[in-house]
Amino acid sequence: MQIGPSPRRRALRPVFAAAAAAVLASGCTGPADGGGGAEQQRAEEGVFDPPTEFDASAGVRIDVGAREGVPLPPIDGETVYYADEDGLHAHDGLDDRELWSAAPDQPVHGVRPDGAVLAEIDDRPVVIGAFLTRNPGAGDAVAQERLEVLAVDAGDGEPVWHREVIPSRGGVPDADDVFVVGADGDAVVVSYGTAFAFDPADGEPLWSDPGVRPEVLQDGSVVGWEAGSAPGALTALSARDGSPEWTLWGEDSAEEGRPRYAAPMGGGLVLVAREAPPSGGAGPPEAGGGGAERPGGAGAEEPSPGERAVEWAAVHAGSGEVAYWPDPLPDQVCRYDEQSLLACWSDGTSTPAVQVYTADTGDLLWSDEKLGGGVPTSIRGVWHGLLYADRGLEGAAAGIYSLDFQNDLGLDPGVAPDSTNGVLGLRRGGGGKVTAYPATG
C-alpha cells in the first residue's frame, strides 16, 4: 500500500451507489432551501449548493478508466475515489495529487471506475471496492478467478478488512458486473454477476443469491434483476439475510423485458428502465400487486414497428409497487437530481425534449419540446435543481437551466459537468479520463 498526504477533510457522508449507467455523482453537501433548487447556498466554505460556475482554467485530469454506460466515480469534498487495475485510489481534484492507494492481493482482471463506494462503518468513513481478480497460477497451481472486496479508511487508505471469495457456482462475470452495490448497518452488498453480502464490521460472508443481479441497496432492501429466464423481472431481497421480499414483472420472458438501468432515488424509490417488446408484441403485463398505470395517452410516442422501446418507472423499494411511469420520449433518459426532482429527456438529438417531475409523486412540473429553442443543446447532468448542458455547435458554450422554473438562467458556468457535489464538477473526456473542475460560485 502506498500512503500519500492526508486529504483536507470535510465531513464525509455515506454514499450508497448502484452500478449501472448514470450521469450523477452521489455526494450531497447540504440541504437546499425549500424555495427552489436553483437558489444557490453557501453551505460551508468552498461548497456551493448548487454550483453555477466552475473554473474552466483549473481542470485536473484523472485517469479513472471511465467508459460509457458506467457511472462516474464518487466524490466527497475535493477528493475523487475510484478503482482501477491497481486497486482503490483517492485523488485530490484540486491539487492534482494522489492521496493514497490500496491494492488487492491478486492481479486485477476486471473492475469498474465507480467501484469505490463511500460509507460509514461504526462512525468511521470508509471506502469499499470490489474486484474480479485471478491468482497467477505459478508452478502447478491453477489460475482461478475470485471476488476480492477491500474496505479501507477513507482518510489514509489503511485496511479495515479484506475478503476473497471463490464462488462455487456460475461462470466468470463480465467486468462491468463486478461492483459494490452499497452498504448499510446490516450488510455490504456486492455484485459478482450475482448477489453477495458481507458483514460491514469485519467482512465475514453473510449470504449469497445466484438468482439475482443486484443493482441498488435502498432502505434495507437489495433491488436487482432476476438472473434466470426472466431477466426483465425486478426483484428484492432483505439486506439482512437475503430472504426474498417481492418480484415485479416476474411473468415476463427474456423477450418481454430486458434490464437497462436501476438507481436509488429519495423517498424509498428506485428508478428503473427496461426495454419493452417491439411494437405489436404481447407487451409486458401491468404492475403486479397494484401500482400506477402505464402512460400511453395522447401525445405518447409510439416506437416504430419492430423497435424495442425503453420504459422508465419509479418503484417502491419496500413493496415493489410502481409509484409512477414518466411519459415516454424517443431515446429517453431519466435522472434524479439527488434532491427532489426527476428530469427526463430525449437523448441523441440536438434539440432534446425535456420533462421534469416531482421525484416523490411523479407530478409533471413542466415539459419542453425543444430545450434551448433552435440552439443545439446536449444535456450533461442534473443536480439539486439545475440542469447542465453544452450549447452551440460542437458544444462550444456551457449553459444552466432551472429544473424548478423551466428557464435558462442566462449564466456562463464555464463548464457543464456530468456530475458535481458542489465542490468539484466532473466531466468525461477521452481515453478513460475525467476532468475535475473546482466550483467557484
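Buried means under 20% relative accessible area, exposed over 50%, and partly exposed in between, with a 1.4 Å probe and protein chains only. By that rule Y261 and W312 are both buried. This is a predicted model, in which local features need pLDDT of at least 70 and side-chain atom pairs count only at pLDDT 80 or more, while totals for chains, interfaces and linings use all residues. Residues are numbered from 1 along each chain as its sequence is written, and side-chain values use heavy atoms, with hydrogens and water left out.

The structure holds six aromatic pairs; rings of Phe, Tyr and Trp (its six-membered ring) pair if their centres lie within 6.5 Å, with planes under 30 degrees apart counted as stacked, over 60 as edge-to-face and the rest as tilted. Two of the pairs are listed here.

| Pair | Centre distance | Plane angle | Class |
|---|---|---|---|
| Y81 and W100 | 6.2 Å | 45° | tilted |
| Y261 and W312 | 5.2 Å | 50° | tilted |

Y261 lies in strand β22 (residues 258–264) and W312 in strand β24 (residues 308–316), 51 residues apart; strands are DSSP runs (E, at least two residues), numbered from the N terminus. Y81 and W100 are buried as well.

D368 belongs to strand β29 (residues 364–368). Its relative accessibility is 23%, so D368 counts as partly exposed. Beyond neighbours within four places in sequence, D368 is in contact (heavy atoms within 4.5 Å) with P352, A353, V354 and Q406.

Terms used. Helices (H or I, at least four residues) and strands (E, at least two) are DSSP runs, numbered from the N terminus.
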